[in-house]
Amino acid sequence: MASFTHTAFDTPMGPVALAATGEGVIRCNLPGSDPDELVEEVIARTGMNPVEGGRTVDEAADQVASFLEGGLREFDLDLDWQLVGGFYREVLQATTTIPWGETASYGEVAALAGKPGAARAAGTALSLNPIALIVPCHRIIKSDGSTGGYGGGKAGTALKQRLLDLENPQDSVWAGASVSEK
């Protein structure tokens, strides 16, 4: 039977867990999420057996930790997209093109994914992002420049703001600036 590797580690923003297959990172949760739930989800959705540790998850953990410390701007990791398909995958793949320190609106990312006018569907896709942080859904904001939602309600919205602040020092104005305006 096929297997996947997984790890959990501490970061300045809270514990993070991630999992990888032979294709690449398949799952990365938001800081503060339950690592056991991530493992159980990957088992349930793939039927694979979990194996703790491994080269791919160790490298991904190093990169995620560096990103959350402000030292990494671009991930260099293979991704396994099997947990998401169709338009949702297109939205998440488009999201990976939004550079560090920049933002796009939900409508803009829907257009990048080939479906202008599908902002709500793009928002749903982003809310289901299985590879959070590495697929930077925190960079997608409302068209009015406000942050919009993020996993976990108020705590998630505060985390989203913290991630945006990490990428945009306080003396920089990011609110309302979008990819199309930069």
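In this predicted model, Glu90 has its place in helix H3 and is partly exposed, with a relative accessible area of 38%. The C-alpha atoms of Glu90 and Ala122, which are 32 residues apart along the chain, are separated by 9.2 Å. Helix H3 itself spans residues 86–95, and its buried residues are Phe87, Val91, Leu92, Ala94 and Thr95. These residues cover an arc of only 160 degrees around the axis, which puts them on the same side of H3. What covers the buried residues of H3 includes H4, H5 and E6.

At the end of this series, Thr95 of helix H3 is buried, with a relative accessible area of 0%. When neighbours within four places in sequence are left aside, Thr95 is in contact with Val109, Leu126, Val135, Pro136, Cys137 and Ile140.

The packing of H3 with helix H5 (residues 119–127) takes place at an angle of about 80 degrees, with the two axes 9 Å apart. An angle of that value makes H3 roughly perpendicular to H5, given that the range from 65 to 115 degrees is assigned to that class. On the side of H3, the residues that meet H5 are Phe87, Tyr88, Val91, Leu92 and Thr95, and their counterparts in H5 are Ala121, Ala122, Thr124, Ala125 and Leu126. By residue class, this contact of H3 with H5 divides into eight nonpolar, two polar and no charged residues.

Within H5, the buried residues are Ala122, Ala125 and Leu126. Seen down the axis of H5, these residues fall within an arc of 95 degrees, so they line one face of the helix. An arrangement of this kind can be read against the geometry of an α-helix, which has 3.6 residues a turn, so that residues three or four places apart point the same way. The buried residues of H5 pack against H3, helix H4 (106–112) and strand E6 (140–141), whereas the face of H5 turned away from its buried side carries the exposed residues Arg120 and Ser127. Thr124, which also lies in helix H5, counts as partly exposed at 31% relative accessibility, a value that lies between the limits of 20% and 50% and is therefore assigned neither to the buried nor to the exposed class. Between Thr124 and Phe67, which are 57 residues apart in sequence, the C-alpha to C-alpha separation in space is 25 Å.

In the loop between H5 and E6, Leu133 is found with a phi near 70 degrees, a positive value in a residue other than glycine. Leu133 is buried, and its relative accessible area is 0%.

Two residues of helix H6 carry side chains that could be charged by class, namely Lys160 and Glu167, and both are treated here in turn. Lys160 has its place in helix H6 and is buried, with a relative accessible area of 0%. The side chain of Lys160 reaches the backbone oxygen of Ile140 at 2.6 Å, and a polar atom of this side chain also lies 2.6 Å from the backbone oxygen of Thr147. Apart from neighbours within four places in sequence, the residues in contact with Lys160 are Tyr106, Cys137, His138, Ile140, Ile141, Thr147, Gly148, Gly149 and Tyr150. One of these contacts, Gly149, is eleven residues from Lys160 in sequence and 8.1 Å from it in space, C-alpha to C-alpha.Glu167 is likewise found in helix H6, which comprises residues 153–167, and Glu167 is buried, with a relative accessible area of 2%. A polar atom of the side chain of Glu167 lies 2.7 Å from the backbone nitrogen of Gly101. With neighbours within four places in sequence left aside, Glu167 is in contact with Phe67, Trp100, Gly101, Glu102, His138 and Arg139.

Terms used
Residues are numbered from 1 along each chain as its sequence is written. Side-chain values use heavy atoms; hydrogens and water are left out. Helices (H or I, at least four residues) and strands (E, at least two) are DSSP runs, numbered from the N terminus. Buried means under 20% relative accessible area, exposed over 50%, partly exposed in between (1.4 Å probe, protein chains only). A polar contact is a pair of N or O atoms within 3.5 Å; within protein, one must be able to donate a hydrogen and the other to accept it, and residues adjacent in sequence count only if both atoms are side-chain atoms. Contact means heavy atoms within 4.5 Å. Axes are lines fitted to C-alpha atoms, for helices over the stretch in contact, and angles run from 0 to 180 degrees between N-to-C directions. Angles under 35 degrees count as roughly parallel, over 145 as roughly antiparallel, 65 to 115 as roughly perpendicular and the rest as oblique. The arc is that of the directions from the helix axis to the C-beta atoms.
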